[in-house]
Protein chains: 4
Amino acid sequence: MAMSWHDGSAAVATLTFDVDAETPILARGRRYADHLTTMSHQGYGPGVGVPRILGLLDELAVPATFFVPGWVAQRRPELVATIAGHGHEIAHHTYSHRAPTSLDPFEERTDFERGLAVFEKQGIEISGYRAALWEAGRNTYGLLAEHGLLYDSSLMGDDRPYLLNVGESTIVELPVHWSLDDWEQYAFLPEPDVGSVIESPRKVLELWRAELDGMRHYRCLFNLCMHPFLTGRPGRMLALRELIEYALSCGDVRFARCREVAAAALADADVRKAPLPEVDADPAVYPD
Amino acid sequence: MAMSWHDGSAAVATLTFDVDAETPILARGRRYADHLTTMSHQGYGPGVGVPRILGLLDELAVPATFFVPGWVAQRRPELVATIAGHGHEIAHHTYSHRAPTSLDPFEERTDFERGLAVFEKQGIEISGYRAALWEAGRNTYGLLAEHGLLYDSSLMGDDRPYLLNVGESTIVELPVHWSLDDWEQYAFLPEPDVGSVIESPRKVLELWRAELDGMRHYRCLFNLCMHPFLTGRPGRMLALRELIEYALSCGDVRFARCREVAAAALADADVRKAPLPEVDADPAVYPD
Amino acid sequence: MAMSWHDGSAAVATLTFDVDAETPILARGRRYADHLTTMSHQGYGPGVGVPRILGLLDELAVPATFFVPGWVAQRRPELVATIAGHGHEIAHHTYSHRAPTSLDPFEERTDFERGLAVFEKQGIEISGYRAALWEAGRNTYGLLAEHGLLYDSSLMGDDRPYLLNVGESTIVELPVHWSLDDWEQYAFLPEPDVGSVIESPRKVLELWRAELDGMRHYRCLFNLCMHPFLTGRPGRMLALRELIEYALSCGDVRFARCREVAAAALADADVRKAPLPEVDADPAVYPD
Amino acid sequence: MAMSWHDGSAAVATLTFDVDAETPILARGRRYADHLTTMSHQGYGPGVGVPRILGLLDELAVPATFFVPGWVAQRRPELVATIAGHGHEIAHHTYSHRAPTSLDPFEERTDFERGLAVFEKQGIEISGYRAALWEAGRNTYGLLAEHGLLYDSSLMGDDRPYLLNVGESTIVELPVHWSLDDWEQYAFLPEPDVGSVIESPRKVLELWRAELDGMRHYRCLFNLCMHPFLTGRPGRMLALRELIEYALSCGDVRFARCREVAAAALADADVRKAPLPEVDADPAVYPD
């Protein structure tokens with residue numbers, strides 16, 4: 001019997017945490033370093049959210065994947081070691097959390113490699129990557145191929161793993177989606193604008209549970225993205241606990257680290273192969 | 001007994017899908033062609049959403065109408081043939097998904113006719129039209145009349161079909177409304193701004209069911225607009241299934257293709273006739 | 001026993017409808033006159049919404065007050081006569097629906113008096129006024145006093161009627177509030193920006209019912225503002241029906257026209273008297 | 001047995017009210033002083049909201065803390081005395097409600113000390129401070145230390161009290177969070193932009209109750225911030241009553257004034273000590 005990426009389960013769940021800390025705000029302007037409330041709001045992520053999340057994952061015995069900007073790992077030298085020590089995967093999330101689409105090729109390469117170097121120095125093996133803001137650009141995948149990464153988790157072309165042909169390399173895509181991200185549900189700051197409506201954890205649980213049920217129906221990858229500075233809050237943690245307990249109670253959902261799903265997808269002959277999105281838009285029809 | 005557009009049912013339901021794919025984003029700037037995540041997010045519509053939607057419609061045996069920009073049909077030559085092969089109607093949705101109100105008369109004509117030519121070349125008969133962004137302009141209806149289209153579905157002057165006098169022609173209007181559109185409920189991108197709140201499918205089902213019940217009370221046209229890149233997601237598909245099953249269970253809702261409703265409305269002497277909106281605004285009161 | 005504005009009921013409900021039609025959009029730019037969808041969306045108000053609302057009010061036998069911009073009444077000469085024929089009150093809502101705070105004193109006077117002249121010509125007696133966008137300005141109340149109006153309904157300084165001292169005149173204020181307005185719940189247009197989230201009628205019913213219950217607790221004026229182009233939609237009409245039926249079932253809510261409440265408040269010695277808001281802000285602390 | 005900040009309860013609840021009145025709007029531009037509706041909307045806070053809130057707190061016998069801008073206390077000389085007379089704490093909330101991050105050091109000092117002088121003149125003892133907009137800056141804590149304040153309530157680095165080392169002083173931080181603030185849930189104005197979605201009190205109750213339950217689980221400080229011009233509305237007052245009654249019914253939630261919690265935290269050897277957020281961001285990576 002052939003290998004399959006889902007191994008017979010109705011849906012595979014990858015719990016992922018983007019440990020962004022201060023980076024998404026600093027990327028909007030260095031001046032925010034002097035906005036102490038905002039900095040403390042972001043610092044809450046690694047400081048309070050991560051330990052609380054590690055505790056919950058331990059308690060429920062489910063594995064997860066933590067995407068960490070190199071800048072964050074560098075500034076808190078014990079952070080990724082602690083996470084890895086709990087058995088979770090660490091993955092690359094740029095160095096500075098600036099969107100690849102906002103950088104020129106040299107800047108993107110510098111940022112990408114600077115991030116990799118941090119993890120190498122800390123003795124952490126990296127298999128996967130997620131673009132900051134999920135804004136992968138034209139040059140991103142060449143970097144992944146060049147550095148031999150197994151998978152990316154930034155695109156939205158499907159809701160099951162698929163294989164990207166990048167030159168002569170193959171990179172597994174573990175697709176994300178805006179509806180499976182806590183940012184759109186919870187993020188609020190007076191400045192810079194990161195969102196304006198703070199939803200109730202009850203609504204978020206309802207949304208994610210509906211998506212999980214849909215994904216069990218269609219046999220998909222439930223690739224959930226959370227941020228410790230958002231989901232680490234007490235009421236939201238209880239909702240996450242309820243979601244995981246629901247998924248466990250279904251009996252047909254398998255929890256896995258991204259790296260394991262990617263490896264299984266690569267070995268599964270039925271997984272769809274796809275080129276990177278190539279859109280040739282006529283400037284006469286679509287001006288810049 | 002005279003012909004009536006509703007044929008005795010309490011409400012008529014036209015399920016419509018605007019297969020926009022990349023076009024609404026490219027219309028905001030060709031540069032987005034290099035935002036790979038965004039392009040993959042849009043490509044999910046025809047790639048994953050459409051097959052899933054066709055499967056659901058087959059299973060529940062309800063017909064639908066797909067509004068397709070010519071650019072999308074041209075780029076994926078098998079797309080509209082596949083949809084039509086399932087028994088659904090294909091209708092015209094501009095060539096490039098640029099809003100008619102943003103084009104001069106020559107540009108709008110060029111775009112309109114370029115779209116028609118794509119469908120003609122693919123052997124698809126077109127009876128109806130929907131403006132991009134539902135932004136019909138002063139010149140739009142002359143084009144529809146000149147090309148002999150039966151109906152339009154872009155205006156909001158009523159919630160039952162009505163007849164537009166355009167010169168010596170009559171065009172059936174099958175009105176839409178922002179509250180019966182999945183875009184306002186589900187669309188989110190970091191850039192360009194297409195919406196900022198992602199609602200739960202439960203809320204959307206509640207909203208649409210309330211409108212369907214209201215329309216059954218007032219005998220209206222439940223003209224629902226969805227986008228495969230939005231509604232094609234797993235959890236939202238389950239909600240759509242639940243909505244259709246609810247409508248079927250009512251026993252007084254008839255599902256139809258737009259073309260059939262338009263033909264019936266044209267033959268119904270009780271259907272209201274209306275001029276195009278003519279608003280003569282005094283520049284001294286209302287400056288540009 | 002002395003007259004009281006509430007006449008012993010726990011709350012008084014004034015259902016008010018702002019029949020704005022095209023005016024709020026034209027006030028954002030005359031160019032929108034060529035956006036046919038938007039114009040049809042606004043024209044739905046007097047065309048479809050008003051008859052439907054009149055039918056519901058007849059059926060439930062509750063009175064209401066319709067605030068109409070003079071421009072709208074002028075353009076549809078039979079509109080206010082029809083509404084008044086159903087026993088409802090007509091009130092002044094500026095001529096053009098431009099915010100008084102955006103006009104200089106001469107422009108505001110011209111607009112105000114032009115609106116009054118329309119109603120005089122149509123033989124409609126006017127007792128009250130509501131500023132466009134509820135943006136009353138420094139010169140608004142002098143105009144009301146000069147023209148002998150009984151009441152205003154644009155301020156938010158209380159949730160019970162109160163009396164404004166304007167020179168030697170007294171004007172009754174029937175306060176409004178953003179939470180008792182359908183605009184913030186339902187309004188959406190791609191352009192101009194009038195709101196971005198379309199709520200479910202179920203949520204709106206929940207919000208308004210909670211406020212009605214609170215107002216019954218604190219003995220307030222439930223001064224609800226709706227727009228026929230918004231609330232006139234089928235599903236929202238069912239929710240409005242449910243709200244009115246709930247209020248009627250309470251047994252302690254009295255429905256009245258604004259004019260009646262204002263007259264009762266003027267005769268009630270216990271009603272609070274208040275000056276217009278005078279805020280003397282130091283330019284050194286608060287620059288323009 | 002050692003002193004603990006929570007004294008054995010599962011969560012400590014500090015009900016706090018920011019009595020901002022007109023200040024947040026004037027800080028956006030002095031011109032808004034002539035927007036009478038907006039001024040009345042803000043004046044409702046001290047005029048109607050505060051007495052109603054005092055009544056509810058009396059009835060349920062729970063203490064609270066009121067953060068008042070000096071400008072507001074100066075303009076309504078009896079306001080803070082009345083609040084204090086009901087047994088509640090008064091705390092400092094800047095003079096003008098301009099964000100510290102928007103002021104230079106001299107402006108911030110002037111504003112800070114001008115606020116303190118108002119309270120001193122009114123014979124009110126001040127122990128704590130909250131920055132306007134919760135936008136504490138680099139110079140804020142030096143001012144607090146210099147003037148001997150016991151606590152601050154503007155940061156978000158934890159959800160339990162913690163101790164800030166400021167030079168040789170220690171200041172207790174009672175952290176806030178955007179999700180425990182009524183502003184994001186209820187605030188709406190057409191101009192200036194203060195929020196765009198008006199939530200139902202039912203949703204807000206659900207959100208806050210979920211957070212309270214989470215905080216009971218993790219033993220946190222439920223530091224709730226409300227604004228009398230927002231929460232003082234009738235339906236929202238009923239929801240607040242329900243929240244407090246729920247908390248009381250839990251049996252493990254202690255209500256306290258901020259000053260008491262701060263004093264207990266200072267005496268609790270287990271409370272975490274933390275430096276102010278120091279973020280050294282490389283200008284080459286993060287430009288201004």
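Predicted model: local features only at pLDDT ≥ 70, side-chain atom pairs only at ≥ 80, totals over all residues.
The copies use different surfaces, since 7% of the contact residues of chain C recur in chain D. In general, two copies of a chain are related by a rotation about an axis together with a shift along it.

The contact between chain D and chain A was examined next. Chain D contributes 46 residues to this contact and chain A contributes 43 residues. The area buried between chain D and chain A amounts to about 3900 Å², with carbon and sulfur atoms giving 58% of that area. Three salt bridges were found across the interface of chain D and chain A. One salt bridge joins the side chains of Arg52(A) and Asp159(D), with an N to O distance of 2.9 Å. Between chain D and chain A, 20 residue pairs are in polar contact, counting pairs with both residues at pLDDT 80 or more.

On the side of chain D that touches chain A, α7 (183-186) and α8 of chain D each supply at least two residues. The most is given by α8(D), with 10 residues on that side. By residue class, the side of chain D that touches chain A divides into 22 nonpolar, nine polar and 15 charged residues.

Helix α8 of chain D spans residues 201-218 and includes Pro201(D). The relative accessible area of Pro201(D) is 4%, and Pro201(D) is therefore classed as buried, the cut-off being under 20%. When residues up to four places away in sequence are not counted, Pro201(D) touches residues of two chains: Leu207(C) and Ala210(C) in chain C, and Tyr186(D), Gly235(D), Arg236(D) and Ala239(D) in chain D. Among these contacts, Tyr186(D) falls within the residue range of α7 (183-186) of chain D.

Terms used: Residues numbered from 1 in each chain as written. Chains lettered and ligands numbered in written order. Heavy atoms only, no water. Helix = DSSP H or I, 4+ residues; strand = E, 2+ residues; numbered from the N terminus. Buried < 20%, exposed > 50% of the residue type's maximum accessible area, 1.4 Å probe, protein only. Contact = heavy atoms within 4.5 Å. Buried area = accessible area lost by both parts, 1.4 Å probe. Salt bridge = Lys/Arg side-chain N within 4 Å of Asp/Glu carboxyl O. Polar contact = N/O pair within 3.5 Å; in protein donor to acceptor, adjacent residues only side chain to side chain. Nonpolar A, V, L, I, M, F, W, Y, C, P; charged D, E, K, R; others polar.
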